[in-house]
Amino acid sequence: MTTPLTRPKRKNPLKRTRLPLNPQGVRSRTAHGLTAAAAEGRFALQVCEDCKTVIYPPRDCCPNCLSARLPFRDVPRGGMLVAETTVRTSTDPYFRERTPWRVGSVKLDAGPVIVAHLHGDTVEGARVRLEFKLDKSGAAVALALPEQDTPHMADDPHLREMTCDPKFRRVLITDGRTEVGQAMAKAFSDAGANIVFVGIADQWKPFPGMDKLRQIERVEIVPLDVTDTESVTEQAEQNGSRIDIIVNTAEHVRAGGIVDRHGLTVAREEIDVRYLGLMRLAQAFGPVMRFRGADGVNSAAAFVNLLSVHALMNWPTYGAYSAAEAACLSAAQCMRAELRPGGVKVLNVFFGPLETEWFQTVPPPKVTPAALAKAVVRGLQQGIEDVFVGDIAEDIRARLAVNPKALEREMAG
Amino acid sequence: MTHRRAAYDNIVICAPVTIPYRRYSTHSAHWWLGRSLHELTRAAGITPKDIDGLTVSSFTVGPDTAIGLTQHFGLSPRWLDHIPFGGASGVVALRRAARAVQAGDADIVACISGDTNHVDSFRKTLSTFSRFAQDAVYPYGSGGANSSFALITKHYMNLYGAKREDFGKLCIAQRDNALSIPFAMMKKKLTLDEYMSARPIADPVHLFDCVMPCAGAEAVLVCREDTAKSLGLPMVRMLATIERHNAFGGDVIQHRGGWEVDIGELWAMAGMRPSDVSLVETYDDYPVIVMMQFEDLGFCKKGEGPDFVRGHTFTNDGTFPHNTSGGQLSTGQAGAAGGFLGLTDAVRQLTDRPIGTAVADAQSAVISGFGMINYDRGLSSAAAVLARV
C-alpha cells in the first residue's frame, strides 16, 4: 500500500538545497527506440519482422533468426514479477541517496525477461504491467506497476521520480487572459497543485472569465507580461524559487502566409510573444528550476510548451504562425538539453486547431481548451515528453511518420 | 554425428604464479600482468624469448589487448590469444593453449591474467561492462553484479529451498581455508552469527556473500611434458575440459549453467567419476553460483545443492575440499585473475606446494569457471579436470 504524500511544509530558507543528480543516461543508439516510446507513453519493444520474436534488451540482430529487421512495435505490457531484490548499496551517486531501491525480473507475456524498477505495490510472484518511463536522465527505463491500480499509487517514490505529477507542486500559468490559460488553471487546481500562479499583463484591463478565474481554489493572480523582459524577470525574482511547473499559455494566432502577408508587423508580434516570450521565460526561470530538480516533494519538475502541431509541418493558411511555432519547437529541444542536468522535463504538447475565436473559420474537429488542459495534466502525471492532442494532431503525426513529402504537398491544399 | 575429441596427450601445466593481492593499487594492469610474466620466467628458469605463445585476460588493461602487450613486454610470440571471458578465462586459456601446444603451433604458452584496482575503477567497470549492462542493467539502481546475483539467488532460494545459512556455510569454510593465505583480503575467522547479521547489500545478498575487488595477477605455463621435464618443473596433467557460452537462454532466471550441457563429456574424457576427485575449485563470485556448480558438475542432482552443502565441511582438512586458497570470497577478486585463482592453487596442491593448508593425498582436481553477466545471467561456463603426474 502506497503511503500518501503529505503536503510539504514551508521550506526553511537557511537549509541547503539538495542538488540534482542523474542516473546514468548513456544508451546505445538502438536502445533509444525505447526512449522514443517512453517519450509518448507507449510500451514498445523490438519485434523481428521475419520471425516475430519479441526482443529485449535492444539488439541489432535477431537472436532467433539473425534478421536485421527489428522495428519497435507496441506489445502487450503484462507479465509476472519472478524475483525481486532491494538494492541497498549502489556505486552510483544518484541511487546512493535514494536507496533502498527495489528492482526485479519480470517475465513478459510477450516473451523476454525485463529487469525493471518496481512500484512499491508490486509483489514477487504476482502479475504486473510494465511501462517505459523517462528517468531523470531523460532515458527510458522499465517500471513495473501492480496489475490493478492501488490507492495513492501515483505517490510512490520510485514512480514520482519519473513523473512530473502536479500534486503538491506549484505551477505558473503564464497567461490567464486566454481561454486555454483559464482552463489550465482549473485543471491544475483540480489535480492538487499547491499554488496555481496565473500571470496577467495589465491587470487593470478586465477580461472575460476574470471572475471565474479568481474563484478557482489556490489560484494566485500575479503580474506577468511575456513580451516585457522586466516583467518576466521581476516575476522570477518574486516567485521563481517556488515554481515547480511552468505552462506557457501565451498565444498569438493570426491567419496568413509568408508571401501574401503585407509587412512584418504581425510577424514581429508573433515572434515577440511566442519565440522571444519563451526565451524570456527560459532565461528568467530556467536556471533556478534546474537548480531545484531534487528539492523534495515539490521539486522543480517540468516546463510545458503548448505548440501547434503545425510546428511539425507548415500549414500555409496559418503559414507565418506555423513558422513561429516551429521556432518554439526548436527552442524547446535546446531547453530539454539545458534543463536535463537538473532532471527538469520539457513537455511539448502538440494540438490541432482549438475551439477558440482565433480558429473561428476552421472546420472541426477542434480541441477545446479543457481537453488541452486535461491532456497537459495527464502528460505530466505520466511523465511523458511529447503529447498529441486532438484528431488533427494525431493525423499529422501519423502522416509525418509515413511520408513527410506527401504531407507537405497536401497541406498546400 | 560428432567427432570424438582428441585427448590432451602429454600436455601439462606448470609454474603456477600468484602476485600477492592488494586492495587498491596505483599501478596499471600492465604492471600487474608484467609482474606475473616476470615471475613466470623466474619460476620456470626461462627467458622471455622462450615464451612463444601468450594468452592475456584482463578487464582493466584497455585500450590495449594481448597484441599491444607483446610490444609492451618485448615478446615475439608465434601464437597469441586475448581471452576476455572473466571468470571462465582460466579454463578457456588452458584449453586454447593446450591445443596450440599439441598441434605444434607453440611450445611454451604463458597464460597470464591480472587487473589493477584504482579507487574508482570498480564503478567505471560496472557502468560500461557491456552494451546490455549499459542499456538495461546499470540504470536500474546501479547495484552492479550484486543486484544481478541477488535476483539469481532469490530465484534459486524460491525454487530449491536454499537458506542463507547454507550460503553462509560455504563462505565460512572458504574463510577457514583463507586463514593460511598471507595475502588474503579477509584475515579473520568468520562466524555464522557474523555472516547472518552482516549488512544487506541487495536482498538476499549480504556483505559476506560479496567478493572484495582488489588488484592482483595469476599465471601458469602450458607446455609438453618433455619440455617441463627438461626444465625440471613440477607439473600436472590435463585430462579433460569443457566450455559453453550462452546456454539455456530460455530459462527465465538462471538456475543452471552451461556445464549441464557438457558434463557427461567432461567425466567421460577424464575417465573419472565426480566422487573420484580430491578437490574442487569453483568460481565463487557469489555462493549461489558455487551451489549451482556442485549440481551442474555432477556432485549432486539439480536442486540438491542445499542438502549437499549441509553434508560436507569444504575445508582443506575436511570432507570435499573446496576453493583451497580461500576463493575470491575471502582472498579477493583481482578482476580476470579471479578466473585463475582456483587453477593456480590446484596446480600447487597437486604438486605438493600449496601456499596454505595442504589437502591430504591430492590426486586430482576439478577447476570450474563462470563468467560475464552480460545482461541478467552469467554467459560463460567452463571446467577442467587435472591430475597429478
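The model is predicted: local features need pLDDT of at least 70, side-chain atom pairs count only at pLDDT 80 or more, and totals for chains, interfaces and linings use all residues. Residues are numbered from 1 along each chain as its sequence is written, with chains lettered from A and ligands numbered from 1 in the order in which they are written.

**The sheet of chain B**

Chain B holds an open sheet of 9 strands with mixed pairing. Its order is β3-β2-β4-β7-β1-β8-β11-β10-β9. Strands (E, at least two residues) and helices (H or I, at least four) are DSSP runs, numbered from the N terminus. Two strands pair if DSSP finds at least two bridges between them. The edges are β3 (79-82) and β9 (279-281) of chain B; each has a single partner strand, so one side of each is left without a neighbour in the sheet. From one strand to the next, the twist averages 20°.

Helix α10 (residues 259-270) of chain B packs on this sheet and touches β8 (235-245) and β11 (378-388) of chain B. The direction of α10 makes about 155° with that of β8(B). Axes here are lines fitted to C-alpha atoms, for helices over the stretch in contact, and angles run from 0 to 180 degrees between N-to-C directions.

| Strands | Sense | Bridges |
|---|---|---|
| β2(B) (53-57) and β4(B) | parallel | 5 bridges |
| β4(B) and β7(B) (215-224) | antiparallel | 7 bridges |
| β9(B) and β10(B) (364-373) | parallel | 3 bridges |

Ser57(B) stands opposite Ser113(B) in β4(B). Ile112(B) has Ala219(B) in β7(B) as its bridge partner. Val280(B) stands opposite Val366(B) in β10(B).

Strand β4 (residues 109-115) of chain B is mostly covered, with 7 of its 7 residues buried. A residue is buried if 20 or more other C-beta atoms lie within 10 Å of its own, exposed if 12 or fewer, and partly exposed in between; C-beta atoms are placed from the backbone. In a regular strand, side chains alternate between the two faces of the sheet. Both faces of β4(B) are covered. Val109(B), Cys111(B), Ser113(B) and Asp115(B) lie on one side, and Ala110(B), Ile112(B) and Gly114(B) on the other.

**Contact between the chains**

The contact takes 31 residues from chain A and 32 residues from chain B. Residues are in contact if their C-beta atoms, placed from the backbone, lie within 7 Å. On the side of chain A that touches chain B, β4 (78-87), β5 (101-108) and β6 (113-118) of chain A give two or more residues. β4(A) gives the most, with 6 residues.

**Domains and helices of chain A**

Chain A is divided into domain 1 (32-162) and domain 2 (170-411); the bounds come from an automatic or database domain assignment. Their C-alpha centres lie 31 Å apart. 9 residues of domain 1 of chain A are in contact with 8 residues of domain 2 of chain A.

Helix α4 (residues 179-190) of chain A has 12 residues. It is mostly covered: 10 of its 12 residues are buried, including Met184(A) and Phe188(A). Just after α4(A), Gly192(A) takes a positive phi of about 90°.

Gln283(A) is in helix α7 (residues 265-291) of chain A. Gln283(A) counts as partly exposed because it has 13 C-beta neighbours inside 10 Å. Gln283(A) and Asp74(A) are 209 residues apart in sequence and 38 Å apart in space, C-alpha to C-alpha.

Conventions. Contact = placed C-beta atoms within 7 Å. Expected span 1.5 Å × (residues − 1).
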